[in-house]
There are 2 protein chains.
Amino acid sequence: MNKQVKLAKRPVGLPDEETWVMETNPIPEPADGEMLIEQHYISLDPAMRGWMNDARSYIPPVQIGEVMRAGSVGVVTKSNNGKFAEGTVLSGWGGVQQYIATNGAGFYPVDTNLAPMPTYIGTLGMPGMTAYFGLLEVGKPREGDTVLVSGAAGAVGSIVGQIAKIKGCRAVGIAGGPEKCAYLVNELGFDGAIDYKNESVSKGIKRECPDGIDVYFDNVGGDILDAALARINRGARIPICGAISQYNNTTAIKGPANYLSLLVNRASMTGLVVLDYQDRYMEGAMQMGQWMAQGKLKSREDIYEGIENFRETFLRLFNGDKMGKLVLKVKED
Amino acid sequence: MNKQVKLAKRPVGLPDEETWVMETNPIPEPADGEMLIEQHYISLDPAMRGWMNDARSYIPPVQIGEVMRAGSVGVVTKSNNGKFAEGTVLSGWGGVQQYIATNGAGFYPVDTNLAPMPTYIGTLGMPGMTAYFGLLEVGKPREGDTVLVSGAAGAVGSIVGQIAKIKGCRAVGIAGGPEKCAYLVNELGFDGAIDYKNESVSKGIKRECPDGIDVYFDNVGGDILDAALARINRGARIPICGAISQYNNTTAIKGPANYLSLLVNRASMTGLVVLDYQDRYMEGAMQMGQWMAQGKLKSREDIYEGIENFRETFLRLFNGDKMGKLVLKVKED
């Protein structure tokens, strides 16, 4: 049977138990030209919260009754499709379900000899591409720059900081709790870390960015964005990748009160959507794969099991109770 | 005698009667290498409000007891300076006073055969340069773009819209009251105007920018910035020139709640300080002078008289009771 998680109603604030419904349906039969993918892992990303809102955005919202949109990685188990044979490992937009019958549009093969499956929805997937192109193309770090990143122990932030180091920058991360902060500095080689749960972020920035901030890669928005704006250098670049602190607001989003620091410092704040770099993913994946092989870039996935646990696992994105890339294994052994 | 307006205390909110004090002192005697300038006109600009705050900014704040900083234009009446002879008309940072003895640093000669004195502190001075470089270098308008500008009947905004027209764009202005809006469309050739005092700015933008906004040149911040953010196109550019709606706040500045529209639309918001283009002012002035001579660019000054009226004239910047570039004549006839 095929367990599928479908959107049942649009959430207000954090998704509750009525937001999704799990259905058990027969495994679909691939039509002519289609194949059946057995999905192994589902990617859990903060952006998914945005896709649930009925609002104009960079992709259409998930509709009520549809399978919840998610990135995934899995194996072709039946193929009526000339392109991908049985046994091929594919990554794509498989959604929160155990099986999908598809003509393969939007799926691409990945090599599990080079990296394990979950890495292809993490560092070698969307989050990694977001970090790579967002930092290099929007943040434009120069050697010697100070690069500050929030959500630094997460799938995107942890890669941003490591790429900043590779590019000769001072990398400083903001994360929640001493364990994550120690991980950034001791495991990933960040120059400094700020524990937003246990210290003033403003004071932390002063301490860890004594020469100010040249690039602030923002994943969180809210007060942390304001604290960063207060310490940017002339000509600083702020890629806006997300605003996880604001996604579950039931009131209006908090705009950055310190935005006039952009004026004083001739700085810029620029929105970033990874889909714009689709035709360069191969370049990004090859470079990141090389850095991983050289031991310069570490990838960490935090893997939970069971499609039944989708909601509670998803909520870890927002309560911070995870480390690295959040992944749900949906294949049953 | 030399009447001088000095900063007496730092204002909270709008400057009150105790913010400045007027002193009458003897006309200074130019030392060796100096000259005496009799000032004719003082420039009144929203940025002056920012210079009064004791805060890190792009130039140091005016200190208590100092002559209030202001751009000015005047005539050399005595010269012990080899560079500028008696009778030369100079523009520079003369401050709010009738006479200044200076070695000429920061002053430059202007040609009153080409344009009257007040134009050199307006369209051919700092506000004009702000519009020119801010729109062209930060806003980067392309032919066919929709350019929206706030404070559109002001010294900077009125020039921004006219340059947008010259560059083949659709120019839409936001201003307060039917008289200003009619002026934008009928006198300056804007394609549309939105009267923020008498209509919903959001609805006005929908009406006047049916294809969305490609460049929003922001002089005002606050709710109008949010309304513009809600209608930007993909890749839109937002030069942040000022935030006049927020300068006299006694509470925290209102950050743009819709800033995540930057993300969705891959748009950018970039701070702009005209002083950065100092080495290109000549280029800007020549181009703008040419457009004026060709009748493509209109300059309008709103001139009040009497240094005694400095404060009440200055307040017109914030209550909107003026049209075009606000100028104070300080020379007594």
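This is a predicted model: local features need pLDDT of at least 70, side-chain atom pairs count only at pLDDT 80 or more; totals for chains, interfaces and linings use all residues.
Chain A comprises nine helices and 15 strands, and its C-alpha trace extends over about 60 × 45 × 35 Å along the principal axes. The radius of gyration of chain A is 20 Å, which agrees with the value near 20 Å that a compact globule of 333 residues would have. Of these 333 residues, 51% count as buried.

Two domains are assigned in chain A, domain 1 being made of residues 2-122 together with 299-329, and domain 2 of residues 126-275. The C-alpha centres of domain 1 and domain 2 of chain A are 28 Å apart. To the contact between them, domain 1 of chain A contributes 19 residues and domain 2 of chain A contributes 16 residues. On the side of domain 1 of chain A that touches domain 2 of chain A, helix 1 (47-51) and strand 15 (325-329) each supply at least two residues, and helix 1 of chain A gives the most, with three residues. Sorted by class, this side of domain 1 of chain A holds eight nonpolar, seven polar and four charged residues.

Within chain A, helix 4 (residues 178-187) has K180(A), C181(A), Y183(A) and L184(A) as buried residues. Viewed down the axis of helix 4 of chain A, these buried residues fall within an arc of 155°, so they line one face of the helix. The packing partners of the buried residues of helix 4 of chain A are helix 3 (157-166), strand 9 (170-175) and strand 10 (192-195) of chain A. On the face of helix 4 of chain A that is turned away from the buried side, the exposed residues are P178(A), E179(A) and N186(A). Just after helix 4 of chain A, the backbone passes through G189(A), which takes a positive phi of about 80°.

The corresponding description can be given for chain B, where K180(B), C181(B), Y183(B) and L184(B) are the buried residues of helix 4 (residues 178-187). In helix 4 of chain B the buried residues likewise fall within an arc of 155° when seen down the axis, and so they line one face of the helix. The elements covering the buried residues of helix 4 of chain B include helix 3 (157-166), strand 9 (170-175) and strand 10 (192-195) of chain B, while the face turned away from the buried side carries the exposed residues P178(B), E179(B) and N186(B). Helix 4 of chain B is followed by G189(B), with a positive phi near 80°.

Positive phi values also occur in chain A at residues other than glycine, including K140(A), with phi near 45°, and R266(A), with phi near 50°. Most residues other than glycine have a negative phi. K140(A) is located in the loop between helix 2 (126-139) and strand 8 (146-150) of chain A, and it counts as partly exposed because 14 C-beta neighbours lie inside 10 Å. R266(A), in turn, belongs to the loop between helix 7 (261-264) and strand 13 (268-271) of chain A; with 20 other C-beta atoms within 10 Å, R266(A) is buried.

The contact between the chains takes 25 residues from chain B and 25 residues from chain A. On the side of chain B that touches chain A, helix 7 (261-264) and strand 13 (268-271) of chain B each supply at least two residues, and the largest share, four residues, comes from strand 13 of chain B. By class, that side of chain B has 16 nonpolar, six polar and three charged residues. Of the interface residues of chain B, 100% are also interface residues in chain A, so the copies meet through the same surface.

Methods. Residues are numbered from 1 along each chain as its sequence is written. Chains are lettered from A and ligands numbered from 1 in the order in which they are written. Domain bounds come from an automatic or database domain assignment. Two residues are in contact if their C-beta atoms, placed from the backbone, lie within 7 Å. Ala, Val, Leu, Ile, Met, Phe, Trp, Tyr, Cys and Pro count as nonpolar, Asp, Glu, Lys and Arg as charged, and the others, Gly among them, as polar. A residue is buried if 20 or more other C-beta atoms lie within 10 Å of its own, exposed if 12 or fewer, and partly exposed in between; C-beta atoms are placed from the backbone. The arc is that of the directions from the helix axis to the C-beta atoms. The radius of gyration is taken over C-alpha atoms; the globule rule is 2.2 Å times the number of residues to the power 0.38.
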